[in-house]
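Colleague: Before I use this model, I would like to know what the terms rest on. Please show it first.

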Amino acid sequence: VGHNNEVLRVEGLAKHFGGLKAVDGVSFTVKRGSVHALIGPNGSGKTTTLNVLSGIYTPTAGKMVLDGTDVSNLPPHRRTIAGLGRTFQNIRLFRSMTAVENVIIGAEHPGNPVGKAHHALDARARAALAFVGLGDRADEMVTSFSYGHQRLIEIARALAGNPTLLLLDEPAAGLNSTEKVELTGLLKRIAAKGLTILIIDHDMTLVSDVAEHITVLNFGRRIADGDPVSVLNHPDVVTAYLGS
Ligand code: ADP
């Protein structure tokens, strides 16, 4: 249970690769129940930030507090238990398994209040698939789904884990325009349930459609932070995108 309005607080986060400051002292907070987007041109540090947040990389400096707990030094699986769910830029489903078998993997962690009985996990996974609109295809092999639907299965897998904060890494990448519309609708339904989402994308249309708060990175630094209208009209943001 959260004791305040902040699901995530990121303070002075940095990740250097040798001399390259991929993320260079970034701070922002994600409000409970909000859809928050982290955007920026290619190479601005979005994916690196996400990988530090999910524990794949250790930060060079800074900290992150998830729902009141400092998770800066926890490995990825402990962050999952603490309430962090995520999807990846490249689809990471097990191709020899069905949709529901893949989603059960996301439900299966000790932090999930659903428990560990197979029938409970199976029910949770099927509910997540139904939520993303694929409930009647739960027992089909993952390979029989379109690319866009495989992305939805990934989101279902993250949702099945009952996350407090859902991190989405470029969920619109590779989707056609129909699939993008479907994805936008799904993100709005997730938000309507009160779940907090941090979405990383460079698709401005998608982001301005779903996000109520935007943080913009450029060269590893935060150049703007606020509501979509003010952020997308910010001169530094306009310049950063024109130059990319
Ligand atoms: P974005 O997701 O915004 O496109 P990235 O976080 O992927 O940006 O990359 C930020 C910068 O860090 C880029 O200059 C990229 O080349 C560099 N970078 C990312 N990952 C690594 C790595 N593992 N080793 C060295 N440099 C990296």
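**The shell around the ligand**

Modeller: Around the ligand are Phe17, Leu20, Ala22, Gly40, Asn42, Gly43, Ser44, Gly45, Lys46, Thr47 and Thr48. This is a predicted model, in which local features need pLDDT of at least 70, side-chain atom pairs count only at pLDDT 80 or more, and totals for chains, interfaces and linings use all residues. Residues are numbered from 1 along each chain as its sequence is written.

Colleague: How do you know how the shell divides by class?

Modeller: Ala, Val, Leu, Ile, Met, Phe, Trp, Tyr, Cys and Pro count as nonpolar, Asp, Glu, Lys and Arg as charged, and the others, Gly among them, as polar. On that basis the shell has 3 nonpolar, 7 polar and 1 charged residues.

Colleague: Why does the radius of gyration agree with a compact globule?

Modeller: The rule, for C-alpha atoms, is 2.2 Å times the number of residues to the power 0.38. For 244 residues this gives a value near 18 Å, and the protein has 18 Å, so the two agree.

Colleague: What share of the residues is buried?

Modeller: Buried means 20 or more other C-beta atoms, placed from the backbone, within 10 Å of the residue's own. In the protein, 42% of the 244 residues are buried.

Terms used. Buried ≥ 20, exposed ≤ 12 C-beta atoms within 10 Å, placed from the backbone. Near = placed C-beta within 6 Å.
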